[in-house]
Every structure is written in C-alpha cells, then in structure tokens.
Amino acid sequence: MSSAQDPFYIVREEIQDSIDKLQTTFHRWEQTPSNTGEHVHLTKELHTSCESIEWQVDELEKTILVASRDPAYYGLDEVELSRRRNWIGSARNQVAAVRRSVEKGKSNSTFSARQDMGTSRSNHYTTQDNDDFIASESDRQLLLMRQQDEELDELSESVQRIGGVGLTIHEELSGQERILNDLSLEMETTSNRLDFVQKRVAMVMKKAGIKGQIMLILFLVVLFIILFVLVFLT
C-alpha cells in the first residue's frame with residue numbers, strides 16, 4: 001500500500017497540520033503581553049489544541065500497536081513500524097514542549113487569570129469527557145446493532161437451509177410411498193391371478209385323467225414360467 005493510500009499517513013498529515021497550527025498560535029502567544037485578554041484567550045486555545053492533538057496521537061499509536069502484532073498481515077516491516085513510532089514520539093515532544101511553556105507562563109499570571117484558565121480547562125475537560133462518553137456509547141450501540149443484524153442474517157440463512165432440506169426429504173418420502181403403493185398393487189393383482197389359475201387348474205385336474213393331468217401340469221408349468229417372466233419384465 002502506498003503512503004498516499006495508507007490511513008496512517010493520511011491521519012498523520014492531519015495531525016501534523018494541527019501541530020503546525022499549534023506552533024503558530026504558540027508564537028503569537030509568546031509575543032502577546034500576559035496582562036491582556038488576547039493572551040488569556042490564546043492560552044485557552046493552546047490548552048484545547050494540546051489536549052486534542054494528544055488524544056489523536058494516542059489513537060494513532062493504538063493502530064501501531066495493533067499492526068505490530070502481525071506486521072505481515074498489514075504489509076509492514078520493522079523498519080516501517082520503527083519509523084512510525086519515531087514520528088509518534090516526535091509529535092508528543094512537540095506538543096509537550098508547548099504545554100510546558102504555556103504552563104510556565106501561566107504560573108506567572110495573576111490569580112484571577114489562573115482561576116479563569118482553571119475554570120475554562122475544567123469546562124473543557126467536562127465537555128470533552130461527556131462528548132467522549134456519548135461517542136463511545138453510540139459506537140457501542142452501533143456495534144451491537146450490527147452484530148445483531150449479522151446474527152439474524154445467519155439465523156435466517158440456517159432456517160432457509162433447514163427448510164430446503166426438509167422439503168427435499170418430504171419429496172423423497174412421497175416418491176418412495178408412491179413406489180411402494182404401486183408395487184403393493186401389482187403384487188395384489190398378481191396374487192389374484194395366481195389364485196384364479198390355481199382354482200381353474202384344480203377343476204380341470206378333477207375332470208381329466210392321469211395322462212391329461214400330466215399334460216396339464218406341464219402346460220401349467222410352462223404357463224407359470226411365462227407369467228413369472230412377464231410380471232418381472234413389466
């Protein structure tokens with residue numbers, strides 16, 4: 001995957017842009033007198049930017065930790081992972097340097113300015129914590145809904161497969177039942193024919209003599225063989 005397509009580099013460029021803007025704001029803050037309203041406003045803006053960038057860097061670092069578990073799967077090697085870790089460290093150092101300077105400058109401000117700054121930061125933390133909690137809960141609910149949808153889809157597919165198997169079994173059983181009925185009917189018809197022939201043979205043998213009976217028996221044997229062959233051929 002090229003750098004232009006790699007999500008890491010896309011996010012890294014966005015974070016770097018935020019760091020560049022942070023540096024620009026920091027230079028303005030250094031040139032602004034500490035007893036002015038603009039200085040207080042820039043201090044608040046720097047704190048907010050540092051918090052936001054640090055959070056983004058933390059999230060980006062998590063992707064590196066995931067990729068380091070199986071670099072080959074993500075098409076990475078140790079050199080690339082080391083390069084990414086170095087950039088994460090550099091980004092942290094840049095933000096930390098600005099934060100330390102702002103904290104040091106804030107300690108030299110008046111008590112009221114520090115109180116306003118503390119209130120602003122507290123409000124920011126509270127708002128950010130609430131936003132993070134809401135976003136986390138929303139993501140969790142979406143994930144649960146997606147998992148439920150997948151489970152329902154799998155259950156529907158299983159029911160359809162079972163229904164298809166049941167229908168096939170029913171058709172096979174119905175076919176076998178028809179075959180058994182036909183075979184039973186043929187056997188019943190053949191049995192009736194044999195009974196009729198036996199009765200006729202008995203009547204004829206009573207009327208015929210010994211020679212006639214012998215001839216009749218031979219005739220009946222041949223006839224029986226012919227009938228037997230015809231039955232099984234049909």
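Predicted model: local features only at pLDDT ≥ 70, side-chain atom pairs only at ≥ 80, totals over all residues.
Hi everyone, let's begin with the overall layout. The protein chain has five helices and zero strands, so if you read along the sequence you get the pattern α-α-α-α-α. Of the 234 residues in the chain, 19% are buried.

Let me take helix α2 next, residues 37–69. How far apart are its end C-alpha atoms? They are 49 Å apart, and at 1.5 Å a residue the 33 residues should span 48 Å, which agrees. Please keep E51 in mind.

On to the salt bridges. The count comes to eight. One of them joins the side chains of E51 and R99, at 3.0 Å from N to O. Here E51 sits in helix α2 and R99 in helix α3, residues 78–107, so this pair ties together parts that are 48 residues apart in sequence. Are these two residues buried or exposed? Both E51 and R99 are buried.

Two other salt bridges stay within a single helix. In α2, K62 and E59 lie three residues apart, about one turn of the helix, and their side chains meet at 3.2 Å, N to O. K62 counts as partly exposed at 46% relative accessibility, and E59 is partly exposed as well, at 30%. R83 is partly exposed, with a relative accessible area of 42%, whereas E80 is buried, at 12%. Coming back to E51, salt bridges with shared partners join E51, E54 and R99 into one network.

E54 deserves a word of its own. It is found in helix α2 and is partly exposed, with a relative accessible area of 26%. Its C-alpha atom is separated by 7.0 Å from that of R92, although E54 and R92 are 38 residues apart along the chain.

Now for the rings. How many aromatic pairs does the structure hold? There are four. In one of them, F26 and W29 are stacked, 5.7 Å centre to centre with 20° between the planes; that angle counts as stacked because it is under 30 degrees. F26 and W29 are three residues apart in helix α1, residues 7–31, so they are separated by about one helical turn. F26 is buried, with a relative accessible area of 7%, and W29 is buried too, at 8%. Another pair, Y73 and Y74, is edge-to-face: 5.0 Å centre to centre and 85° between the planes. Y73 is exposed, at 64% relative accessible area, while Y74 is partly exposed, at 42%.

Finally, helix α5, residues 210–233. There is a nonpolar patch on the surface, with about 930 Å² of accessible area together; its members include L194, I217, V221, F224 and F228. Which helix gives the largest share? Helix α5 does, with nine residues. I217 lies in α5 and counts as partly exposed, at 39% relative accessibility. In an unreviewed entry, UniProt lists residues 214–233 as "transmembrane region". In the model, that stretch is 100% helix and 0% strand, and its end C-alpha atoms are 29 Å apart.

Key: Residues numbered from 1 in each chain as written. Heavy atoms only, no water. Phe/Tyr/Trp six-rings, centres within 6.5 Å; stacked < 30°, edge-to-face > 60°. Helix = DSSP H or I, 4+ residues; strand = E, 2+ residues; numbered from the N terminus. Buried < 20%, exposed > 50% of the residue type's maximum accessible area, 1.4 Å probe, protein only. Patch = residues over 30% accessible without salt bridge, like charges linked within 9 Å, V, L, I, M, F, W, Y side chains within 5 Å. Areas by Shrake-Rupley, 256 points an atom, 1.4 Å probe, with all protein chains shown as cover. Salt bridge = Lys/Arg side-chain N within 4 Å of Asp/Glu carboxyl O. Expected span 1.5 Å × (residues − 1). UniProt positions renumbered as here; feature names shortened; annotations may be inferred.
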